[in-house]
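Look at the model below and trace its chain from start to end.

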Amino acid sequence: MKIIILIFAFLGVFGVLKPAWGEERIPLPAPRERGQYSLEEVLIKRRSVRSFSNKALTLEELSQLLFAAQGITEKRYGFRTAPSAGALYPLEVYVVVGEVEGIPEGVYHYLPREHALEMVLPGDKREDLFRSALYQEAIKEAPVTIVICAVYERTTRKYGERGIRYVHMEAGHAGQNIYLQAEALDLGTVAIGAFYDEAVARVLDLPKDIVPLYLFPVGKR
């Protein structure tokens, strides 16, 4: 038994045994607090974009988009960029990465408190997500798709059935933040709600209590 323990310790020290998916953390660049456009300008410019160039996103751009969706704006109480009924924060954000400079292809889970990503699954899953979303080309073309998901129970245990409405409102708040931040970065996105829930959940390897609500393919125009 001692010999087996020593072998596993040796393999771990020298990196032969890799961490399981979900254990690896990728820190994101700190989000900027000022951009080149005013809020009024991006509100006027905001449009849905369904066609993208083949250029990769930068890690800084992805960082800014995720911060806009669910980033922490007040560390003591954990307040976020989007309002939440009772500050219960039922949303979980996942990212299907195809082409982002500096990180491998894969499915990632955004960690707001750490402003970091954890890998859920390796590999380019855009084709799988494309099929799960009724073959909408924007999903296939975009270098990344941000997926807003929800754990309804976080809100319904306090507000009952009406909490479902509050969760959907919150998803809308986060979605508009993604739209506006994309516009401020000279990127394009489109909100997609037409997809097979169970198929998307399988692509993302979601736990059973997490439900996908919204897809946002994002890319350069």
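## Terms and source

Contact means heavy atoms within 4.5 Å. The model is predicted: local features need pLDDT of at least 70, side-chain atom pairs count only at pLDDT 80 or more, and totals for chains, interfaces and linings use all residues. Residues are numbered from 1 along each chain as its sequence is written, and side-chain values use heavy atoms, with hydrogens and water left out.

E183 is found in helix α7, residues 162–184. Helices (H or I, at least four residues) and strands (E, at least two) are DSSP runs, numbered from the N terminus. E183 is buried, with a relative accessible area of 4%. Buried means under 20% relative accessible area, exposed over 50%, and partly exposed in between (1.4 Å probe, protein chains only).

What does E183 touch? Leaving aside neighbours within four places in sequence, E183 is in contact with Y37, V42, K45, R46, R47 and R221.

## The sheet

Seven strands form an open sheet with antiparallel pairing, in the order β1-β6-β5-β4-β7-β9-β8. Two strands pair if DSSP finds at least two bridges between them. The edge strands, β1 (25–27) and β8 (187–189), each pair on one side only. Neighbouring strands are turned by 30° against each other on average, direction ignored. Axes are lines fitted to C-alpha atoms, for helices over the stretch in contact, and angles run from 0 to 180 degrees between N-to-C directions.

Two helices pack on this sheet. Helix α3 (residues 59–70) touches β1, β4 (91–97), β5 (106–111), β6, β7 (144–150), β8 and β9 (211–220). The direction of α3 makes about 160° with that of β4. Helix α8 (residues 197–204) touches β4, β5, β6, β7 and β9. The direction of α8 makes about 65° with that of β9.

## Strand β6 and its partners

β6 covers residues 116–122 and pairs with β1 over three bridges, in the antiparallel sense. Here I26 stands opposite L117. β5 and β6 also pair in the antiparallel sense, over six bridges. H109 stands opposite E118 in β6. The hairpin of β5 and β6 has four residues between the strands, and H115 takes a positive phi near 45° there.

Why is β6 largely enclosed by the rest of the structure? Because five of its seven residues are buried.
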